[in-house]
Amino acid sequence: MTDVRVTYDKTVNAAYVYLTEAQARVRSARTYPCDPVDVDGMINLDFDEHGRLIGIEVLAASSKLPEYLLQSAERLDTEGS
């Protein structure tokens, strides 16, 4: 199983799950916003130019993702530095 890179910014309560290799510099060609009313949050799916899912942005991340995942995520805010 491959490690998945996750970043988290507690200041804005947003996480990003990268589904590409850590060294890959893949750019998002298209973003599909999902605003499911049932989960009370916003999730954005990023796709590359070939239509492959490359990442998932989760807003209101602390209420959507497991605490262990956020604690082990690479921190983008100054609090985690």
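Q: How many salt bridges does the structure hold?
A: In this predicted model, the structure holds three salt bridges.

Q: Why is the pairing of E74 and R5 called a salt bridge?
A: The criterion is a side-chain nitrogen of Lys or Arg within 4 Å of a carboxyl oxygen of Asp or Glu. In general, side chains of opposite charge can pair when their charged atoms come close.

Q: What makes this pair a link between distant parts of the chain?
A: E74 belongs to strand β6 (residues 74–75) and R5 to strand β1, and the two are 69 residues apart.

Q: Why are E74 and R5 called partly exposed?
A: Partly exposed residues fall between the limits for buried, under 20%, and exposed, over 50%. E74 has 37% relative accessibility, so E74 counts as partly exposed. R5 has a relative accessible area of 32%, so R5 is also partly exposed.

Q: How do you know that D48 and R52 form a salt bridge?
A: Their side chains meet at 3.0 Å, N to O; the limit is 4 Å, and the pair therefore qualifies.

Q: Is D48 buried or exposed, and why?
A: The relative accessible area of D48 is 7%. Buried means under 20%, so D48 is buried.

Q: What makes R75 and D77 a salt bridge?
A: The N to O distance between their side chains is 2.9 Å, which is within 4 Å, so the pair meets the definition.

Q: Why is R75 called partly exposed, and why is D77 called buried?
A: R75 has 27% relative accessibility, between 20% and 50%, and therefore counts as partly exposed. D77 has 4%, under the 20% limit, and therefore counts as buried.

Q: Which residues make up the largest nonpolar core?
A: This core has nine residues: V6, Y8, A15, V17, V58, A61, L65, L70 and A73. Strands β1 (5–9) and β2 (14–18) each supply at least two residues of the core.

Q: Which residues are in contact with V6, leaving aside its neighbours within four places in sequence?
A: V6 is in contact with Y16, V17, L69, A73 and E74.

Q: Which residues form a nonpolar patch on the surface?
A: V4, L19 and L53 form this patch, with about 230 Å² of accessible area together.

Terms used: Residues numbered from 1 in each chain as written. Predicted model: local features only at pLDDT ≥ 70, side-chain atom pairs only at ≥ 80, totals over all residues. Heavy atoms only, no water. Core = buried A, V, L, I, M, F, W, Y, C linked by side-chain atoms within 4.5 Å. Buried < 20%, exposed > 50% of the residue type's maximum accessible area, 1.4 Å probe, protein only. Helix = DSSP H or I, 4+ residues; strand = E, 2+ residues; numbered from the N terminus. Contact = heavy atoms within 4.5 Å. Patch = residues over 30% accessible without salt bridge, like charges linked within 9 Å, V, L, I, M, F, W, Y side chains within 5 Å. Areas by Shrake-Rupley, 256 points an atom, 1.4 Å probe, with all protein chains shown as cover.
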